[in-house]
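Please read the following explanation with the model open beside the sequence.

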Amino acid sequence: MPASSLPPRLRMISFGYLAEHGWRLWHPFDPTRAEAALEGLGRVGPRTVVWLNESQHYLAHPRFGEQIAAALHVLLTNPARGPVLVLGTLWKKYCDALTAQPDPGHQDAHAQARALLEGRQVTVPVAFTNDQLDNARELAQSGDGQLAHALEHVRDGRLAQTLAGAPELVRRYETASPGARALLNAAMDARRLGVSLHLPLGFLVQAAEGYLTDDELDALPDQWVDQALEEAGTVVHGGQAPLRLVRTRRSDQTTSTAQGPVYRLEDYLEQHANHTRREKCPPASFWHAVEEHLTDPDDLYILVKAARNRGLLWHAVRLSQRAILARHPRAALLAVRLLLPETDPDQHGAGWIAAHTVPTDPDTAAFLLEKLHNAGQEQAVKELASRAAAHANLTQPYAAASLLKKLRDAGQEQAVKELASRAAVHADLTNPSAVAFLLEKLRDAGQEQAVKELASRAAVHADLTNPSAVASLLEVLHRMRQGQAVTALLARNPAVHADLTQPHAVASLLEVLHRMRQGQAVTALLARNPAVHADLTDPSAVISLVEGLRDAGQVRAAKELASRAAAHVDLTDPRAVAFLLEKLRDAGQEQATAALLARNPAVHADLSHPGKVFFLVGELRDLGQARTAKELASRAAVHADLTDPGAVGVLLELLRHTGQEQAMEELASRAAVHADLTDPSAVASLLRDLHGAGQGQAVAALLARNPAVHANLTDPVAVNFLLKALRDMGQEQALEELASRAAIHADLTNPSPAGSLLVALHQTGQAQAAEEVASRAAAHADLTHPHAVASLLGALHRTGQAQAAEELAARAAVHTNIHAHDVASLLEELHRTGQEQSAAKFERRVLDAGGLAVPPPSLWPYGRHPDGSPAGRWTWEEPRPRP
């Protein structure tokens, strides 16, 4: 929520109270918000309020966001700089983007911001309750006229929006003249696609033409731009204007003055656009205006992806060229991926990219080198290699090592030598493991001088707090015979600096020091008594340190730690006891093993989790404690929760392993009589377990209770399991009865489980029930998650439910959420199942919304126009922007 949505009285009280007590307010905004914050956060002292209005402009900044988040974290966690208050505002859209976990295999772009925001969010409600409105009225009575006015006009409790002038802003937009509305639409589309706040007037005017019909364009007066700007710049109550001129200070030397006047869209209209225009593709005039007027590298990079995701491949290529010329560090990656034989028949594109890219980003340079080398563009490879070696940012050791390898693969030995020399000087030494990795790659490349220089730097400056990372570095230095660096590193006494709260890492360091025969360092580390710091509730960590102590020759210390672990392990947790017994046995700690067994864990074990008991029974048997294992299994069977069929199955297996046939029969009989029949999945599991254990009489008794009648039908997947179990056991009548009930009453809201049930009914021969389920699911399944909808569509197709499949496809094409990450799976399934009409409709929606990072095959190689029509032939050689 923007700052203007916070009740003004609250802001006044908060800042006023703090000011009275010696606090000062700092709002970083000049020359830009992100630059001001990054430059000034290091100087923030105690009793400072850091006011980050519209925090996405700081934390989501494409270049500086993570650095700002890290600086804020340092500020908030350093007691010497407190007390401080960092207060910011975020729309939910940006908050979700900053705190979302990255998809597997994707870069974590907001790790620092996510850590900063976690647990520190206060949500401003969409609507205030009556009690909250009454509290606001009390505040208004103390003299806040703006709040009093808002309360007079508030509707449906939406006080924050009323304070922000939201309804009037929307009304002004919806009733605007064609010219003003066209300017606003251009601004709204630019902002929702990710363009920065300040929009050049030239861009808005050129883009606006595509938002006008022919009749509207013809009817515009000669001075339409001035009139439209005046109309859009008129403020509503609350002081906001839909589109306002940004006035530049005389001292401000930013590029905005060179671009001419710049305008800013009011925040709420941006949010309004995210809902009302999210399925609209900006017209061709928008993309041409971008090419003509926008110069910010980050804006251009974002818009390359926006064009690509909408299938506008020609615009994406041209904008990628402009982004490269604007020196965006990763624009070349997008440009290379857009190269195709049809659009670059002479393979000049890769060479142009290589010649004009400023290869400061090592990952981008490595990727380009590989593509050029594979394409046989050796001259371009040579040129790019030389520039990458000279200009790549080599602070990250892993990235530097990757680029070094690509240069070697391309046979660019001179570039390898130059890059190695620079990497040795500039590589960041924070992570000793990363430095060790880079050292190995430098050695593989035969760069001995670089190895020596980096080793010397690492020995003096590497962070020594992580024992495992230090061990990796020491081992590599020792293996490379960098004796002087080893001596220098050991002289810094890593044993004193090691963090002892990480037993696995301490064990690694001990092992390496012992192998290197660094007895003095081993002694220094042991003098800190790492065993005392071991968390005895974590058997894995304890055993790791026990083995490390043993391998370092500290047999007595290892035995003492093992004995302490045996004495302190929680005997009520049979899984933890079993694990510790196993590891003690493997480590040869016979005395500790005997001590733990002497505590009689079988007597103290919590029997409420048979799965955990299973592990302890097995370990006791392996240790020759057969009688104890048998007694524990018997006790567990006696105390079994018979309402949990899954637990009963585990216990039957336990009894079988310990040879207790009579106990098995008794447990099976009790379970058949008392098992809870409401969970179809659990009943199916019990039926199979009883059958597998040879307990035919118990199976018959359980079936006699007619589980098909009692099964809860909420979960279709669970019903699926019971259907198959009844079929496998030849219970045709029960099967038919369960299928009939499921067809009428099963919850089919979730498409994926509904599809599973449909397939199960089909496989078990329940055709009529399958048809009923197919019809209900097609009409009522939730369409929020495209992948789940695709799963149901596939199930309908496989089971021959053609009419239901067509109905679902038609619904999905119009109503499925197209902003989920898995829309491609549904589009693919629509094509696969022959639903071409629905596929075309869905594809248009998804493309207009920019939902496909990889355009569908139907659009390659030339893409489409913004109006949805197929693009004609074009090539990379068409006029490009000038450098």
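In the largest nonpolar core, which has 267 residues, Leu-243, Phe-286, Leu-303, Leu-439 and Leu-474 touch the most other members. A nonpolar core here is a set of buried Ala, Val, Leu, Ile, Met, Phe, Trp, Tyr and Cys residues joined through side-chain atoms within 4.5 Å. Buried stands for under 20% relative accessible area, exposed for over 50%, and partly exposed for values in between, with a 1.4 Å probe and protein chains only. The largest share of this core, 8 residues, is supplied by H11. A second, separate core holds 9 residues, including Ala-136, Leu-151, Ala-160 and Leu-163.

The model is predicted, and local features need pLDDT of at least 70, side-chain atom pairs count only at pLDDT 80 or more, and totals for chains, interfaces and linings use all residues. Residues are numbered from 1 along each chain as its sequence is written, and side-chain values use heavy atoms, with hydrogens and water left out. Helices (H or I, at least four residues) and strands (E, at least two) are DSSP runs, numbered from the N terminus.

Leu-474, named above as a member of the largest core, can be followed through its contacts, where contact means heavy atoms within 4.5 Å. Apart from neighbours within four places in sequence, Leu-474 is in contact with Val-486, Leu-489, Leu-490, Leu-509, Val-512, Leu-513 and Met-516.

Now turn to the strands. Three of them form an open sheet in the order E1-E2-E3, with parallel pairing; two strands pair if DSSP finds at least two bridges between them. Strand E1 (24-26) and strand E3 (84-88) are at the edges with a single partner strand each, so one side of each has no neighbour in the sheet. Direction ignored, neighbouring strands of this sheet are turned by 20° against each other on average. Strand E2 (residues 48-52) pairs with E3 in the parallel sense over 5 bridges, and Thr-48 stands opposite Val-84 in E3. Helix H4 (residues 65-77) packs on this sheet, touching E2 and E3, and its direction makes about 145° with that of E3. For such angles, axes are lines fitted to C-alpha atoms, for helices over the stretch in contact, and the angles run from 0 to 180 degrees between N-to-C directions.

Antiparallel pairing is found around strand E6. Strand E4 (residues 199-200) pairs with E6 in that sense over 2 bridges, with Tyr-263 as the bridge partner of Leu-199. Strand E5 (residues 243-245) also runs antiparallel to E6 and is joined to E6 by 3 bridges; here Arg-244 stands opposite Arg-264. Strand E6 (residues 262-265) is covered on both faces, with Val-262 and Arg-264 buried on one side and Tyr-263 and Leu-265 buried on the other.

Helix H5 (residues 92-99) has Tyr-94, Cys-95 and Leu-98 as its buried residues. They lie on the same side of H5 because they cover an arc of only 100° around the axis, the arc being that of the directions from the helix axis to the C-beta atoms. An α-helix has 3.6 residues a turn, so residues three or four places apart point the same way. The buried residues of H5 pack against helix H3 (56-59), helix H6 (111-117), helix H11 (178-192) and helix H15 (267-276).

Leu-690, in helix H42 (residues 680-692), is buried at a relative accessible area of 0%. Beyond four places in sequence, its contacts are Leu-652, Ala-668, Gln-695, Ala-698, Val-699 and Leu-702. Ile-302, in helix H17 (residues 297-309), is partly exposed at 25% relative accessibility, and beyond four places in sequence Ile-302 is in contact with Leu-193 and Gly-194.

Last come the charged pairs. A salt bridge is a side-chain nitrogen of Lys or Arg within 4 Å of a carboxyl oxygen of Asp or Glu, and by this rule the count is 31. Asp-189 forms one with Arg-277, the closest N and O atoms being 2.8 Å apart. This pair links distant parts of the chain, since Asp-189 is in helix H11 and Arg-277 in the loop between H15 and helix H16 (284-293), 88 residues apart. Asp-189 is buried at 0% relative accessibility, and Arg-277 is buried at 9%. Another salt bridge joins Arg-318 and Glu-291 (2.4 Å, N to O), and both residues are buried. Glu-168, Arg-171 and Arg-172 are linked in a network of salt bridges.
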